[in-house]
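Hi,

Here is the structure I said I'd pass on.

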Amino acid sequence: MVQTIFSRPESLRLVPTHYCPGCTHGITHRLVAEILDELDIREKTVGIAPVGCSVLAYNYFNCDFAEASHGRAPAMATGIKRTRPDLIVFTYQGDGDLASIGTAEIIHAANRGEKITVVFVNNAIYGMTGGQMAPTTMPGQVATTCPFGRDVNLAGYPIRIAQVLSELVTPAYIVRVNVNTPAGIPKAKQALRKAFTYQMEDRCFSLVEFVSTCPTNWGMSPIKACEWASENMIPYYKLGEFKTPDDPLPEGAAANGGDENAD
Amino acid sequence: MARVLMKGNEAIGEAAIRAGCRFFFGYPITPQSEIPEYLAKRFPEVDGHFIQAESEVAASNMIYGAACTGTRVFTSSSSPGISLMSEGISYIAGSEVPVVLVNIVRAGPGLGGILPSQGDYWQATRGMGHGDFRILVLAPSSVQEAADLVMEAFDLADKYTNPVMVIGDGIIGQMMEPVEFRKMVDPETLPEKPWALTGARGREPNIITSLYLDPLELEDMNQRLLKKYRQMEKEEKRWEEYNISESMKVLTFAWGTMSRICKTAIDDLKKEGVEVGLFRPITLYPFPYEAASEAIEKADELISFELSTGQMIDDIRLAGKGRDVAFYGRQGGIVPTPEEVKNQILKLAEK
């Protein structure tokens, strides 16, 4: 008797990958696809691909997809979700896309409470353009545009998007997870399940930040890259839920017509 | 519907609703802010949605997203804001989805001023963003025509799955005139858009993108766009001829509000026995070259009147196969008086 215990999710297409060996995009793609399958929402989901390594995300996901300009996926998602609130809308964005060129769009989509889910892949570097410094690059980390390591006197400290966005009152769910350790992956999936479920429940904006690796541009083996992320990124990019729908409104927020019970 | 007295910007907003548009994404900028303000107030009555974007860059990408779901959508802005929107417009053209945008032009360059101008003619007809694309450009000269062209713009955008711009100077946006609206289009009765992102239920996923890494595929897209532009050039040219005859001494060219000042001058000169014609392009792209060419053949002298330093002259020269074109324009938001126009025409007629 043959029993299937592991298979490709229906939400992923059967195609060869273009991602580098050891890249964690594959894990994150699979987790998103598993959630779309498990929540049975593939046929009503629209994804938005960014500019960056995952620019071709629509070649992998087996659902409707749009390709945004650099950093504008949250604006595009706003246009899609507002015109079709019955659809499940998610953006898939890297750290150059979301945390640099797209900061205005992500902050305002979050602050308007767009009912979308953001999958944010933070690998501390620009991957597709060849390893330049990102706003998320760690202090001292070498990149092609900071060949002597990121100098915080010149470039400041890395931006912690989950913390920045959780300062906003409107968003429902802001969480940081990691996919560089086996233990992190099920927790990451759990966070994604919550983020998509909240959207299905019509609660507003959710973002899952994934601490990820880039062995190619970090110049490390895949295993070394996973270890480097644990040693260098996770102490600074703390894991956990930064905001949940059950958080109370801050003092004063309800004063001008706000609803104390709103998500 | 009976005739109502309305400000141009408000008539533009109402016309969009009547065309079946229920979504507006935009950012405030003078002198077009009455469009978003009107819609913010009016949309709830027709189950429409007004969303104020954080910037024009975001607005152009919001309408891009909205258009992807097959919904009629539009935005409006003024010159500096349109420059910021050029990112989204290029992607929209490359992805071949329909949007309507309105540019109520103000004087530039840079922050410029807030008074009327026609200084965005080149931008609209030649340089609306990076890459190899065109947008349809419609230029009304009255509030009535603005309302009619906005409604038509939605049909044209759908027909060509391409951005369509209605361009007016600040006078079109700000003046009040009587307007009679065409019949309300029920958004539910519009044709289906099978390419739209609606969820891949019982079908293969739809992908909307302007990314083609294979050069042959990208060239195919460029050729597909070119075919659309050729069709626009064949089917969409619009223009108005005024007092054009074999006996005219001077043929004037003007678009938008400037053409109405020319008409006043032409009427005055007629009384004085000087025959002068006016050729007014209504589509700035595609420019009605053939019709302009025929009119040019009847005239001794040509002159273009514009609220710029003379951006339409290039197109008139093309229509006139290189013939000299005189020019008179004011800048900075200053609008020539009929007297100024008359004097310029007379100077030319006496040559």
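The largest nonpolar core has 189 residues in this predicted model. Those with the most contacts inside it are A:Val208, B:Ile63, B:Val99, B:Val137, B:Ala147, B:Val150 and B:Ala153. Helix α6 of chain B (residues 143–160) gives the most to this core, namely 11 residues. Domain 1 (4–235) and domain 2 (240–349) of chain B both contribute residues, so the core lies between them.

Setting aside neighbours within four places in sequence, B:Val99 is in contact with B:Ile63, B:Ala67, B:Val73, B:Phe74, B:Ile92, B:Ala157 and B:Pro163.

On to the two domains of chain B. Their C-alpha centres lie 28 Å apart. Across the boundary, 25 residues of domain 1 are in contact with 22 residues of domain 2. On the domain 1 side, α5 (121–126), β6 (136–138), β7 (163–169), α7 (170–174) and α8 (215–235) each supply at least two residues, and the largest share, 4 residues, comes from α5(B). By class, that side of domain 1 has 15 nonpolar, 7 polar and 3 charged residues.

You'll find B:Gly256 in the loop between β11 (250–253) and α9 of chain B. Is B:Gly256 buried or exposed? With 27 C-beta neighbours inside 10 Å, B:Gly256 counts as buried, since the cut-off for that is 20 or more. Apart from neighbours within four places in sequence, its contacts are B:Gln118, B:Ala139, B:Ser141, B:Gly168, B:Asp169 and B:Ile172. B:Gly256 and B:Arg280 are 24 residues apart in sequence, yet 8.0 Å apart in space, C-alpha to C-alpha.

Helix α9 of chain B (residues 257–271) passes a quick geometry check. At 1.5 Å a residue, its 15 residues should span 21 Å, and the end C-alpha atoms are 22 Å apart, which agrees. Its buried residues are B:Thr257, B:Met258, B:Ser259, B:Ile261, B:Cys262, B:Lys263, B:Ala265, B:Ile266 and B:Leu269. After α9(B) comes B:Gly273, with a positive phi near 85°.

Now the contact between the chains. Here 28 residues of chain A are in contact with 31 residues of chain B. On the chain A side, β1 (45–49), β2 (64–67), α2 (73–83) and α4 (103–112) each supply at least two residues. Which element of chain A gives the largest share of that side? That would be α2(A), with 8 residues. By class, the chain A side has 13 nonpolar, 7 polar and 8 charged residues.

The bridge partner of A:Ala66 in β9(B) is B:Ile208. Within chain A, 4 bridges join β1(A) to β2(A), again running parallel, and A:Ile48 stands opposite A:Ala66 there. Side chains in a regular strand alternate between the two faces of the sheet. In β2(A), A:Asp64 and A:Ala66 point one way while A:Phe65 and A:Glu67 point the other, and all are buried.

Back in chain B, helix α2 (residues 34–42) has B:Glu34, B:Ile35, B:Pro36, B:Tyr38 and B:Leu39 as its buried residues. These pack against β1 (4–7), α1 (8–18), β2 (23–26), β3 (49–52), β4 (73–77) and β5 (99–105) of chain B.

Finally, some backbone details to keep in mind when you set things up:

- The peptide bond from B:Thr30 to B:Pro31 is cis, with omega near 10°; B:Pro31 lies in the loop between β2 and α2 of chain B.
- B:Tyr285 and B:Pro286 are joined by a cis peptide bond as well, with omega about 0°; B:Pro286 is in the loop between β13 (283–285) and α10 (289–297) of chain B.
- B:Asp47 is not a glycine but has a positive phi of about 60°. B:Asp47 sits in the loop between α2 and β3 of chain B and, with 8 C-beta neighbours inside 10 Å, counts as exposed.
- B:Lys321, also not a glycine, has a positive phi of about 50°. Its place is the loop between α11 (313–319) and β15 (326–329) of chain B, and with 10 C-beta neighbours inside 10 Å B:Lys321 counts as exposed.

Cheers

How values were computed: Residues are numbered from 1 along each chain as its sequence is written. Chains are lettered from A and ligands numbered from 1 in the order in which they are written. This is a predicted model: local features need pLDDT of at least 70, side-chain atom pairs count only at pLDDT 80 or more; totals for chains, interfaces and linings use all residues. Two residues are in contact if their C-beta atoms, placed from the backbone, lie within 7 Å. Ala, Val, Leu, Ile, Met, Phe, Trp, Tyr, Cys and Pro count as nonpolar, Asp, Glu, Lys and Arg as charged, and the others, Gly among them, as polar. Two strands pair if DSSP finds at least two bridges between them. A nonpolar core is a set of buried Ala, Val, Leu, Ile, Met, Phe, Trp, Tyr and Cys residues joined through C-beta atoms within 7 Å. A residue is buried if 20 or more other C-beta atoms lie within 10 Å of its own, exposed if 12 or fewer, and partly exposed in between; C-beta atoms are placed from the backbone. Domain bounds come from an automatic or database domain assignment. The expected span of a helix is 1.5 Å times one less than its number of residues.
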